[in-house]
Amino acid sequence: MLATTHHPFYLKATQLTPPEERMPQADEWRRKVEAYRETLTAAEPDVLVMVGADHFHQFFADNYPAFLIGKQPIYDATFYNEEREFSIPPFLLQGHEELSGFLLQGLLDRGFDMAVSHELKLDHSIICPIITTRPDADLPVVPIYTNIFAPPLPSPKRFWQLGRAIREVIDAWPSDLTVAAVGSGHLSLELGGPRQFGETGPDPVFDRQAIEWLSKGNIEAILENVTFESMSGAGNATHGFMDLILMMGIAGPIEASYVDDLDLFHTREMYMTWTPEQDGAVLA
Ligand SMILES: [Fe+2]
């Protein structure tokens, strides 16, 4: 299970910009991402369960599903504004309708009334981790979208519980295929507010604490300390941390096998992998 921050400028900053014009951290950023990619490659996955959130591209405050699963043969995975602003190339991802259907039913059976979409379009919350961890985009995906953007939001505990349920269903999937789960979210983050584009992320203390909690599998401390209000205090988009909690939920309360991070000029990137025991089809 991989949990990572996503940064839409990764490709542009590290590869598409001429070397002499790149930011000072570009080479280090690329090295860290490529090292992280190995943790997914080594698991030799056949299908990816991808966790992300729609950035008000197709869901809005009037009708934003708390939790949604896509069930399609193919997904268009780049919006035009992402091509224009971030230079993200167009992507089409194959879907895995059988696993989507199995997860949908399994989550309904476990008390999660998931919304389902047959016309979902993915955005950079999915395609950024594809670019960083599986740039060939050669595996079928099952996208799961969460509401981290349009309050009122589900609670951190609910994100954790959904992760646990997703894991149960994946483990119960009668298939020889290897499933990896890759999700992206945020540490402290400010979008369009007064704390954006500072010298660090908006709350470096929270960032250090969050990485410590996640890497130790310390869900008790997270549920004791992390609330909607506390995340708002760490930055107006810090609620994306809940997708990282969800990923730890898929892994379980275990220590991470790989932890790395990178201080970019206005945010902290995090790269974390949990490698549970090889039970059933889940290896990473
Ligand atoms: Fe984002």
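In these legends, helices and strands are runs assigned by DSSP and numbered from the N terminus, and every view shows a predicted model.

**View 1. Ser87 lies in a loop between a helix and a strand.** The loop that holds Ser87 runs between helix H3 (80-86) and strand E5 (92-94). Most residues other than glycine have a negative phi. Ser87, although it is not a glycine, has a positive phi of about 60°.

**View 2. Phe197 is another residue with a positive phi that is not a glycine.** The phi of Phe197 is about 60°, and this residue is found in the loop between strand E8 (179-185) and helix H7 (204-216). Phe197 has 9 other C-beta atoms within 10 Å and is therefore exposed, since a residue counts as exposed if 12 or fewer such atoms lie within that distance.

**View 3. A cis peptide bond joins Pro151 and Pro152.** Most peptide bonds are trans. At the bond between Pro151 and Pro152, however, omega is about 5°. Pro152 has its place in the loop that lies between strand E7 (141-146) and helix H6 (156-172).

**View 4. An open sheet is formed by 8 strands with mixed pairing.** From one strand to the next, the twist averages 15°. Helix H4 (residues 97-109) lies across E2, strand E3 (67-70), E6 and E7, and runs at about 150° to E3.

**View 5. Strand E7 is paired with E2 and with E3.** E2 and E7 are parallel and pair over 5 bridges, with Met50 standing opposite Pro143 in E7. E3 and E7, by contrast, run antiparallel and are joined by 3 bridges, and here Ile69 stands opposite Ile144 in E7. Strand E2 (residues 47-52) is also joined to E8 by 5 bridges, and these two strands run parallel; Val51 stands opposite Gly183 in E8. Because 6 of the 6 residues of E7 are buried, this strand is largely enclosed by the rest of the structure. Both of its faces are covered, with Val141, Pro143 and Tyr145 buried on one side and Val142, Ile144 and Thr146 buried on the other.

**View 6. Helix H10 (residues 241-251) is largely enclosed by the rest of the structure, because 11 of its 11 residues are buried.** Among the buried residues of H10 are Phe241, Asp243, Leu244 and Ala251. Just after H10 comes Gly252, which takes a positive phi of about 100°.

**View 7. Helices H6 and H10 meet in a right-handed crossing.** The axes of H6 and H10 come within 7 Å and cross at roughly 35°. On the H6 side, the residues in contact include Phe159, Trp160, Leu162 and Ile166, while those on the H10 side include Met242, Ile245, Leu246 and Ile250. The residues of this contact between H6 and H10 divide into 11 nonpolar, 3 polar and 2 charged.

Technical notes: Residues are numbered from 1 along each chain as its sequence is written. This is a predicted model: local features need pLDDT of at least 70, side-chain atom pairs count only at pLDDT 80 or more; totals for chains, interfaces and linings use all residues. Helices (H or I, at least four residues) and strands (E, at least two) are DSSP runs, numbered from the N terminus. A residue is buried if 20 or more other C-beta atoms lie within 10 Å of its own, exposed if 12 or fewer, and partly exposed in between; C-beta atoms are placed from the backbone. Two strands pair if DSSP finds at least two bridges between them. Axes are lines fitted to C-alpha atoms, for helices over the stretch in contact, and angles run from 0 to 180 degrees between N-to-C directions. Two residues are in contact if their C-beta atoms, placed from the backbone, lie within 7 Å. A crossing is left-handed if the near helix is turned anticlockwise from the far one by less than a right angle, and right-handed if clockwise. Ala, Val, Leu, Ile, Met, Phe, Trp, Tyr, Cys and Pro count as nonpolar, Asp, Glu, Lys and Arg as charged, and the others, Gly among them, as polar.
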